[in-house]
Amino acid sequence: DILFDSWATREIRDYYESWNTVINGSYFWYTHMGMYYPAGLWIENGIEKSPMNMSDPNLSHIVFLSLGALMIAPNEVWVHSLDGCYHTIWCRAFQAGPLVLSGNILQSFPDSWHASGPHERTLIGKTESGKVYFIIFRKPRSLTEVADIIVQDDRFTTDPITLLNLDGWPSTAYYDGKNGFRENEKLPIIFRIKQ
């Protein structure tokens, strides 16, 4: 599940409760009133919300979530989904990016400080067999370095992964009830994961 907290009032570990793991979400922006919103387009409870900073070239893909299912699709899918088909199937969706790997193949993405600079990273991925992964790099890496590390991991040599960048430094955060990384951060977008 993904939660949007427009005021970012709670620390990431406060969301833990009965879930196995809590991780930071994706890109966000804030208004002059101090409220936070997901950057780009998003769907919450089947309702499309107003866009915030849709022009960011990093926001290349959409993550659709529903009842434990996950789909990563290019932005064009969103345009074709406005007839409501995804609104009824997928209860949550948001833009993120850039896409780093598609079936273990390095993708081209904007050459920006965000992509080429060394930052802590949070990524979401889905393998060809349907396994979903959240991957956190606590040591700063460029997205190309991230790709090199992932494709050499034994888990993905026989089960290639499609990997999408979520928000990273300074938002990369994690808490599983015992271990944490920036678990005291107050962030507006949080993934709650139940294994």
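## Second largest pocket

β3 (28–30) and α3 (113–116) each contribute at least two residues to the lining of the second largest pocket. The model is predicted. β3 gives the largest share of that lining, with 3 residues.

The second largest pocket holds about 360 Å³ of space. Its lining counts 15 residues, and the closest to the pocket centre are Tyr27, Phe28, Trp113, His114 and Asp167. By class, the lining splits into 9 nonpolar, 4 polar and 2 charged residues.

Strand β12 covers residues 119–127, and strand β13 covers residues 132–141. The two run antiparallel and are joined by 7 bridges.

The hairpin has 4 residues between the strands. In this hairpin Gly130 takes a positive phi, near 100°.

## Thr127 in strand β12

Thr127 belongs to strand β12. Is Thr127 buried or exposed? Its relative accessible area is 5%, under the 20% cut-off, so Thr127 counts as buried.

Which residues does Thr127 touch, leaving aside those up to four places away in sequence? The contacts are Tyr133, Phe156, Asp159, Pro160 and Ile161. Among them, Tyr133 falls within the range of strand β13, residues 132–141. Ile161 falls within the range of strand β14, residues 161–165.

## β10 and its two partners

Strand β10 spans residues 99–102. It pairs with strand β14 (residues 161–165) through 2 bridges, and the two run antiparallel. β10 also pairs with strand β11 (residues 105–106), again antiparallel and again through 2 bridges.

Leu101 takes part in both pairings. It stands opposite Leu163 in β14. It also stands opposite Leu106 in β11.

The hairpin of β10 and β11 has 2 residues between its strands. Which residue takes a positive phi in the hairpin of β10 and β11? Gly103 does, with a value near 60°.

## Summary of the pairings

- β12 with β13: antiparallel, 7 bridges.
- β10 with β14: antiparallel, 2 bridges.
- β10 with β11: antiparallel, 2 bridges.

Both hairpins described above include a glycine with positive phi: Gly130 in the hairpin of β12 and β13, and Gly103 in the hairpin of β10 and β11.

How values were computed:
Residues are numbered from 1 along each chain as its sequence is written. This is a predicted model: local features need pLDDT of at least 70, side-chain atom pairs count only at pLDDT 80 or more; totals for chains, interfaces and linings use all residues. Side-chain values use heavy atoms; hydrogens and water are left out. On a 1 Å grid over the protein atoms alone, a cavity is a set of points where a 1.4 Å probe fits but cannot get out, and a pocket is an open set with protein on both sides within 12 Å along at least five of seven lines; lining residues have an atom within 4 Å of a point. Grid points are joined across faces, edges and corners, and a volume is the space filled by probe spheres set on the points. Ala, Val, Leu, Ile, Met, Phe, Trp, Tyr, Cys and Pro count as nonpolar, Asp, Glu, Lys and Arg as charged, and the others, Gly among them, as polar. Two strands pair if DSSP finds at least two bridges between them. Buried means under 20% relative accessible area, exposed over 50%, partly exposed in between (1.4 Å probe, protein chains only). Contact means heavy atoms within 4.5 Å.
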